[in-house]
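Thanks for coming, everyone. Please have a look at the model on the screen, and then we'll walk through it.

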Amino acid sequence: MKLIETFQNTFNRDPILKAKAPGRVNLIGEHTDYNDGFVMPIAIQYVVTVLAAPRDDGHVNLYSVDFDAHSTFNMDNEIPHDETQTWSNYERGVFAGFLKRGMKSIGADLLIQGNVPIGAGLSSSAAIEMATSVALRTLNNFDISQVELVKLSQEAENQFVGMNCGIMDQFISGMGQAGKSLFLDCRSLEFELVPFPSDDFSVVIMNTKVKRELTGTEYNERRSQCEEGVRILQKNLPDIRALRDVSVQQFNQYKDELPELVCNRCTHVVRENDRVEQFVRALKAKNSARMGELLLASHSDLRDLYEVSCKELDLMVEIAMGVEGVIGARMTGAGFGGCAIAVVQKGREKALEDVIMVQYPAKTGIQPEVYISAPSDGAGVKMLNQ
Ligand code: GLA
């Protein structure tokens, strides 16, 4: 059934707008965003769609097509968490974010549907938050910029959902552009949209189908280890505020002061920031050999030093690297499962997919999924004819 009909059947009325926001993969710059560093994601063709109509009674009725479930609250009271329909806390967090900015939304009927694979590390939650944010901005005529909606969405995740993520996922979901990768400074939020040479290369996304329950705790632990590294390094480098401020050279000079585990974590972050800048140069020059080296170096540091990979992700990368035309591969996103990406020569996508579909299940017993996606547009709204 078409989504609009589902809305009509659910709410007995027509939606007035359709909002969309994409998931993402990160080309390089992993676990750098919360260290004030650099990232380089692309928005993908998988999206979350929100259909919306305003209500004048203050009620907010949420319907998730994917979970076939409802959740309801009223704008006249404080917005509570929904402990049973936990999927709705992403939307609730966005309503709360507007409220915090003095923008009280009118009531609304919202239908939410997504084709971003859930729990695969492709940022389905950022896509839900951004789609809801742009929908509410239009529904209420709120005067708020796209970047402010990005921050609001990150806050929803940090403060309402309780996942202490950085800004990368919401930023690319809000600000991505078709055909471009986004080189972002996560401290200043200055960014450059770098054309992705789609005539030469493609990004292939390989889903291990492994989900790790521990992602949240491990993630927060990595964050505090990085912060501990900064505190110790500050004795010799008093001006640094985050690992982003430490050059590879400076780090090598003072790293012996750090406990081994903290040193390993920080080594990855300091080198990864450097790799992002190098990758941008290599991509602009279409220097595929250099791009490949940087992707592989990123993966090995994430595996050996940051310890956020897993054997299935390592296997994906290994299989991909054995296929002709694959330039480089690495895990993408938070890790502990989820997806790896490969950058491949144009025309070699299918060959890689075929090999993955045979070799990965043979070695793991798990059926993987492979997606091929061009860099896509960030969140936006279309008014529907009534
Ligand atoms: C998750 C977080 C991001 C980022 C990545 C790792 O996707 O949501 O903010 O930290 O992990 O690079």
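Let's start at Asp 185. Contact here means heavy atoms within 4.5 Å. Asp 185 sits in strand β6, residues 180–185. Strands are DSSP runs of E with at least two residues, helices are runs of H or I with at least four, and both are numbered from the N terminus.

Is Asp 185 buried or exposed? Asp 185 counts as buried, because its relative accessibility is 11%. Buried means under 20% relative accessible area, exposed means over 50%, and partly exposed is in between, with a 1.4 Å probe and protein chains only.

The side chain of Asp 185 also makes polar contacts. A polar atom of that side chain lies 2.8 Å from the backbone nitrogen of Arg 187. The side chains of Asp 185 and Ser 188 are joined by a polar contact of 3.2 Å. A polar contact is a pair of N or O atoms within 3.5 Å; within protein, one must be able to donate a hydrogen and the other to accept it, and residues adjacent in sequence count only if both atoms are side-chain atoms.

A word on what you are looking at. This is a predicted model, where local features need pLDDT of at least 70, side-chain atom pairs count only at pLDDT 80 or more, and totals for chains, interfaces and linings use all residues. Residues are numbered from 1 along each chain as its sequence is written, and side-chain values use heavy atoms, with hydrogens and water left out.

Now the overall layout. The chain is divided into domain 1 (3–195 + 376–383) and domain 2 (201–372). These bounds come from an automatic or database domain assignment. The domain centres, taken over C-alpha atoms, are 26 Å apart. To the contact between them, domain 1 gives 37 residues and domain 2 gives 42 residues.

Next, the ligand. Which domains supply the shell around the ligand? Domain 1 and domain 2 each supply at least three residues. Residues around the ligand include Arg 24, Glu 30, His 31, Cys 165, Met 168 and Ala 334. By type, the shell has five nonpolar, three polar and four charged residues.

Look at the ligand's oxygen atoms. One oxygen atom of the ligand is 2.5 Å from a side-chain N or O atom of Asp 33. At Gly 166, a polar backbone atom is 2.9 Å from a ligand oxygen. At Tyr 219, a polar side-chain atom is 2.6 Å from a ligand oxygen. On its own the ligand has 310 Å² of accessible area, and the protein covers 95% of that. Areas come from the Shrake-Rupley method with a 1.4 Å probe; for residues, only the protein chains shown count as cover.

Now some backbone angles. Most residues other than glycine have a negative phi. Phe 336 is not a glycine, yet its phi is positive, about 60°. Phe 336 lies in the loop between β9 (326–331) and β10 (339–345). Phe 336 is buried, because its relative accessible area is 8%. Lys 286 also has a positive phi, near 50°. You'll find Lys 286 in the loop between α8 (260–284) and α9 (288–304). Lys 286 is at 44% relative accessibility, so it counts as partly exposed.

On to Lys 346. Lys 346 lies in the loop between β10 and α11 (349–364). Its 45% relative accessibility makes Lys 346 partly exposed. Beyond four places in sequence, Lys 346 touches Ser 198, Asp 199, Asp 200, Phe 201 and Ser 202. Its side chain reaches the backbone oxygen of Ser 198 at 3.2 Å.

Last stop, Pro 22. Where is Pro 22 found? Pro 22 is in strand β1, residues 17–28. Pro 22 counts as buried, because its relative accessibility is 1%. Leaving out residues up to four places away, the residues that Pro 22 touches include Ala 43, Tyr 46, Ala 127, Ser 173 and Asp 377.

Terms used
Near = heavy atom within 4 Å. Nonpolar A, V, L, I, M, F, W, Y, C, P; charged D, E, K, R; others polar.
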